[in-house]
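Notebook open, model loaded. I want to go through the ligand site before the fold, and I'll jot things down as I look them up.

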Amino acid sequence: MALLPILRYPDPRLHTVAKPVAEVDARIQRLVDDMLETMAQADGVGLAATQVDVHLRLIVIDTSEGRDPPRVLINPEITARSAEMQTSDEGCLSVPTIYDQVQRHARVSVRAQDRDGQWQNFDAEGLAAVCVQHEMDHLLGKVFVEYLSPLKRERIKTKMLKKTRDESPRAGRR
Ligand code: K1U
Ligand code: ZN
């Protein structure tokens with residue numbers, strides 16, 4: 001297994017729309033395993049393939065604090081959304097150190113293939129519902145900061161560019 005580099009906002013590749021996975025083969029299973037390792041190492045509760053610069057409809061989620069195995073969602077679709085909404089703090093491994101409030105559906109029903117290519121259905125609420133909607137936005141090229149005001153978004157963009165420069169001061173120099 002391998003740790004994959006995570007794209008950082010405002011990298012334009014985060015706005016790529018992912019394509020469906022045609023076949024769940026050994027290459028996809030290896031990507032799943034690498035994404036699970038990358039998510040765990042980064043202390044995340046979710047990760048979308050978009051964030052590791054692979055533009056396929058694949059996400060992994062682990063919101064159960066070790067009680068259940070992580071969920072692998074290949075070609076996920078939301079089949080039902082609650083009318084009730086909830087507002088909660090969100091973070092993103094592609095926008096480190098930034099947390100802000102986002103309103104989402106309180107419950108969603110999801111249909112997706114698992115690591116073996118089998119179709120599964122499940123209902124999510126609480127953090128799992130937030131995480132599914134956040135990760136599915138990534139597959140559409142949307143980052144959670146796009147729900148915030150233009151002013152906040154510009155401040156975050158500036159902060160992330162500075163953070164990236166400070167962490168690798170030689171990058172981009174001639
Ligand atoms: O970058 C990502 O897409 C992963 C992201 C998922 C997420 C967490 C919480 C709300 C929405 C989306 C993270 O894992 S952020 C870091 C984190 O571990 C966390 C943040 C807030 C609450 C719980 C966990
Ligand atoms: Zn994210």
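This is a predicted model: local features need pLDDT of at least 70, side-chain atom pairs count only at pLDDT 80 or more; totals for chains, interfaces and linings use all residues.

Started at ligand 1. I looked up its contact with L93: a polar backbone atom of that residue sits 2.6 Å from an oxygen atom of the ligand.

Q51 has a polar side-chain atom 2.8 Å from an oxygen atom of ligand 1. H138 also turns up, with an N or O atom of its side chain 3.4 Å from an oxygen atom of the ligand. How much of the ligand does the protein bury? I get 85% of the 500 Å² that ligand 1 exposes when taken alone.

I wanted the strand order, and what I found is an open sheet of five strands, 1-2-3-6-7, paired antiparallel. Which strands are at the edges? Strand 1 (46-48) and strand 7 (119-125), each of which pairs on one side only. From one strand to the next the twist averages 40 degrees.

I zoomed in on one pairing. Strand 6 (residues 107-113) and strand 7 run antiparallel and are joined by seven bridges. I picked out V108 there and looked for its bridge partner in strand 7, which is A124.

Helices next. Helix 2 (residues 126-139) packs on the sheet and touches strands 1, 2, 3, 6 and 7. Its direction makes about 120 degrees with that of strand 7. Helix 1 (residues 26-41) lies across strand 1, strand 2 (58-61) and strand 3 (71-81). I noted its angle to strand 2 as well: about 40 degrees.

Last, the whole chain. I count three helices and seven strands, in the order α-β-β-β-β-β-β-β-α-α from the N terminus on. Why call the chain as compact as a globular protein of its length? Because its radius of gyration is 16 Å, close to the 16 Å that the globule rule gives for 174 residues.

Note on methods. Residues are numbered from 1 along each chain as its sequence is written. Chains are lettered from A and ligands numbered from 1 in the order in which they are written. Side-chain values use heavy atoms; hydrogens and water are left out. Two strands pair if DSSP finds at least two bridges between them. Helices (H or I, at least four residues) and strands (E, at least two) are DSSP runs, numbered from the N terminus. Axes are lines fitted to C-alpha atoms, for helices over the stretch in contact, and angles run from 0 to 180 degrees between N-to-C directions. Contact means heavy atoms within 4.5 Å. A polar contact is a pair of N or O atoms within 3.5 Å; within protein, one must be able to donate a hydrogen and the other to accept it, and residues adjacent in sequence count only if both atoms are side-chain atoms. Accessible areas come from the Shrake-Rupley method with a 1.4 Å probe; for residues, only the protein chains shown count as cover. The radius of gyration is taken over C-alpha atoms; the globule rule is 2.2 Å times the number of residues to the power 0.38.
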